[in-house]
Amino acid sequence: MSQDDERKWLVPQSAPYLDGPVSITSIHVEAIAAIGGRTAADMPVETESTGEYPFGLECGGPFRFKPVHLTLN
């Protein structure tokens, strides 16, 4: 995982995180903030069409995962 310039954590979408064709509908996340907040939750994962050739937006795939937003208590 890596943190981008907007302080969002990015999970790679390649092996060993994803390997081969997958069907992911949720992800289990456990996080602890530096100030002590913590959370553990199963979060839904949504996808969106990339609109790349040869499919186009109206034909579905290929797909990419949309960000999962997590709030610490």
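Author: Gladly! Let's start with touching: a contact means heavy atoms within 4.5 Å. Please keep in mind that this is a predicted model. By that rule, Ser 2 touches Lys 8, Trp 9 and Leu 10, leaving aside residues up to four places away in sequence.

Reader: What makes Ser 2 partly exposed?

Author: Its relative accessible area is 38%. Buried means under 20% and exposed over 50%, so Ser 2, at 38%, is partly exposed. Ser 2 lies in strand S1, residues 2-3.

Reader: Why does Leu 70 count as partly exposed?

Author: The relative accessibility of Leu 70 is 33%. That value falls between the 20% and 50% cut-offs, so partly exposed is the label. Leu 70 is found in the segment after strand S6 (63-65), and touches Val 29, Ala 31, Thr 39 and Met 43, again not counting residues up to four places away. Between Leu 70 and Val 29, 41 residues apart along the chain, the C-alpha separation is 8.4 Å.

Reader: How do you know that Lys 66 forms a salt bridge with Glu 46?

Author: The closest N and O atoms of Lys 66 and Glu 46 are 3.8 Å apart. The rule asks for a Lys or Arg side-chain nitrogen within 4 Å of a carboxyl oxygen of Asp or Glu, so the pair qualifies. Lys 66 lies in the segment after S6 and Glu 46 in the loop between strands S4 (38-44) and S5 (47-49), so the pair ties together parts 20 residues apart in sequence. The count by this rule is 1 salt bridge.

Notes
Residues numbered from 1 in each chain as written. Predicted model: local features only at pLDDT ≥ 70, side-chain atom pairs only at ≥ 80, totals over all residues. Heavy atoms only, no water. Helix = DSSP H or I, 4+ residues; strand = E, 2+ residues; numbered from the N terminus. Buried < 20%, exposed > 50% of the residue type's maximum accessible area, 1.4 Å probe, protein only.
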